[in-house]
Amino acid sequence: MLYDAFQKEAISHINEGHSVIVCAPTGAGKTAIAEYVIEECLKRGERVVYTSPIKALSNQKFRDFSEKYPNQVGILTGDVTINAEAPALIMTTEIFRNKIVEKESSLKSYTWIIFDEIHYLDDIERGSVWEESLIFLPDHMRVLGLSATIPNIHELADWLTGIHRRKIKIVQETKRPVPLHFYYQCQGQIYENLNDVHKFGYRAGTTHPSPAQRIPKFISVKPNRPTSLLKFLWEKKLLPCIYFTFSRKHTEYVAEELLSFDFLNPEEKEKIQSLYHDLCQKFDILHEPSTYALKPLIERGIAYHHAGMLPTLKEVIERLFTTRLIKVICTTETFALGVNMPARTVVFNELRKFYERSYRILKTRDFYQMAGRAGRRSIDDEGFVFCRVNPHEISVEELKTIIFSRPEKIASRFNASYATILNLYETFGEKLYDVYPLSFHHFQEGKQARADAVRLLRAKVNLLKQLGHIRKNRITAKGLFAAKVYGYELILSELFARGILEKLSTLQLGLLALAIVYEPRKGMRRPSLTRMAKELEHLTHDLMFPILKMENTMDVRPLSKLCSFHLSAALEGWMRDESFDRILKKCEADEGEVVRCFRMAIQVLREILDAPLAGILRDNIRKAIAKINRDLIDAEKQLRI
């Protein structure tokens, strides 16, 4: 294989035995470096772990690598376990973190760890998992970190070098193999220059723009229709196109707006109809309502893709997209994390999205993660990025900030879970607090932020002591159980310690696991519950309210979540062998959300199985898993096809 200069540099460092962090634009070829590490490990009889931020990407990598290295690849994602002793093992970062903080790690024979999308260290919800994985990295493992541009990459490397006392080599590539060309749709017109957008798109008669340079709300703005933009792209031969929106419903709305187009010639139409039928048949979703709903779009070279869809249907769309028969795919931002999914053009439906608690303009890093899907290497001379601009919603200065700013620095999100603390306490005891100075948070932050972090750590340890997980500086049976169930340790360990778990039926265990993982969307109606679900809700709330009060008193943030039984009726029906179509009518959740949450419930039940349990409870949990894990819910079945 012919490598680019930055790939050769990274491979040279790898051959010398160094850990390496590679920063390069999306589509530059970082995956080739990961594949080199995997191939070299397999040649030498060594073992390698590959982690990714989302299960969908882990699944995709499993398929790709299994095809390239037959019978040598395994996967562990909580709801999927295939070939767990394989020399090349793909897993989510959570699974990797869980394994390395345990007293007896099962990864002693693995010599390399590849962190794909290492900038996820900055993720508000999951970043702490990545940081913990790097802090507690075993001495015998070398690191390959892959990411798009990280402005403070030297800070990250200096931190890792300091805590592990070994040099981390940095390889940076700023040049994209396929350059990007930017356009803007504003007030129904297409502009190539931001100055023209400002001059003509933000002009509102004789009325001056507001200080933020947005058009005042009382001034009418000409329609900025997706259909006119797609007509332009089609006529200029700028398809295929990835059309990003930040709402599941809006992806479907835009796709359906395009039904007036037919992007396929007769030969392509016949081919895609046959492929769609065969793939849906292969994944056993040929007669699902959502399969029928997509068919008219597919036949015109149009599709949508979002987390609310059946995972198998999403995979069918992904496979069709790689054939280049899908000319326009309307999708949410998770599609930007996929591999081998480039297009000639990327469109941003809007340039604002929900971050944490409010809608804000896109981060530059997020913008280029998505924009980087434009331009297919070895196919396109350049990629095209179209931004749809609504002067009422975004100012010219904000536009410039998104496009011309340096990507944001990655910042620590360190906040160790109760289970992580218990695992570390078993090893370090009261010296646990000496671990915090190893964190990226300590490396980055000042005196006050460090003091706050230590206070939070001590508060969590004190709470665990008060709840009986730690006694006389030793982990109790309750604590050992809690150490196995990350994220839901407090409610599950209370139920375990009080002997309640052993008394629950197979159905009750399933409902409990689902309620523990499910988080209802904002504004979602609380359904009426069955008697069984009500009893479980009262039971769990009675246990959790005193704990939440303790967390609040000790100023522990974020607070543990209460169990949410919104999907109980659906799961009861499913565990009683009702059809998937029928159970969907018993809840407000999207079908993809139902599948994902049922799979998460299975993962929680499997984590409980790893803890020391009585025989009857172990048997009931296995029965509950078997009842849930069938047909569309069976994630392993999807991967084995």
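Asn71 is exposed, with a relative accessible area of 74%. Here exposed means over 50% relative accessible area, buried means under 20%, and partly exposed lies in between (1.4 Å probe, protein chains only). The model is predicted, so local features need pLDDT of at least 70 and side-chain atom pairs count only at pLDDT 80 or more, while totals for chains, interfaces and linings use all residues. Residues are numbered from 1 along each chain as its sequence is written, and side-chain values use heavy atoms, with hydrogens and water left out.

Asn71 is not a glycine, yet its phi is positive, at about 65 degrees. The residue sits in the loop between α3 (55–68) and β3 (73–76). Helices (H or I, at least four residues) and strands (E, at least two) are DSSP runs, numbered from the N terminus. Arg165 also has a positive phi, near 55 degrees, in a residue other than glycine. Its place is the loop between α6 (153–164) and β8 (168–172). Arg165 is exposed, at 77% relative accessible area.

Two cis peptide bonds were examined. One runs from Leu239 to Pro240, with omega near 5 degrees. Pro240 belongs to the loop between α8 (226–235) and β11 (241–244). Another joins Arg557 and Pro558, with omega about -5 degrees. Pro558 is found in the loop between α21 and α22 (568–575).

Helix α3 has 14 residues. From its first C-alpha to its last it reaches 20 Å, close to the 20 Å expected at 1.5 Å a residue. The expected span is 1.5 Å times one less than the number of residues. The buried residues of α3 include Leu57, Phe62 and Phe65.

The largest nonpolar core holds 196 residues. A nonpolar core is a set of buried Ala, Val, Leu, Ile, Met, Phe, Trp, Tyr and Cys residues joined through side-chain atoms within 4.5 Å. Phe96, Phe348, Phe367, Leu492, Phe580 and Phe598 touch the most other members. Helix α24 (residues 591–609) gives the most to this core, with 10 residues. Apart from this core lies another, of 33 residues, among them Tyr36, Phe65, Trp112 and Leu146. Contact means heavy atoms within 4.5 Å. Not counting residues up to four places away in sequence, Phe348 touches residues including Phe244, Leu362, Phe367 and Met370.

Glu537 is found in helix α21 (residues 531–553). At 10% relative accessibility, Glu537 counts as buried. Leaving aside neighbours within four places in sequence, Glu537 is in contact with Arg526, Leu529 and Phe565.

A search of the whole structure finds 24 aromatic pairs. Rings of Phe, Tyr and Trp (its six-membered ring) pair if their centres lie within 6.5 Å; planes under 30 degrees apart count as stacked, over 60 as edge-to-face and the rest as tilted. The rings of Tyr50 and Phe65 have centres 5.4 Å apart and planes at 80 degrees, so this pair is edge-to-face. The pair links distant parts of the chain, with Tyr50 in strand β2 (residues 47–52) and Phe65 in helix α3, 15 residues apart. Tyr50 is buried, at 3% relative accessible area. Phe65 is buried, at 3%. The rings of Phe182 and Tyr368 are also edge-to-face, because their centres are 6.2 Å apart and their planes stand at 75 degrees. Phe182 lies in strand β9 (residues 180–186) and Tyr368 in helix α13 (residues 364–371), so the pair ties together parts 186 residues apart in sequence. Phe182, Phe244, Phe348, Phe367 and Tyr368 form one aromatic cluster.

A charge sits over a ring if NZ of Lys or CZ of Arg is within 6 Å of the ring centre and within 35 degrees of the ring normal. Lys460 lies over the face of Tyr418, at 5.3 Å from the ring centre. The charged end of Arg630 sits over the ring of Trp574, 3.5 Å from its centre.

The count of salt bridges comes to 40. A salt bridge is a side-chain nitrogen of Lys or Arg within 4 Å of a carboxyl oxygen of Asp or Glu. Arg630 forms one with Asp577, the closest N and O atoms being 3.7 Å apart. These partners are 53 residues apart. Arg630 counts as buried, at 18% relative accessibility, whereas Asp577 is exposed, at 51% relative accessible area. Shared partners join Glu40, Lys43, Arg44 and Glu46 into one salt-bridge network.
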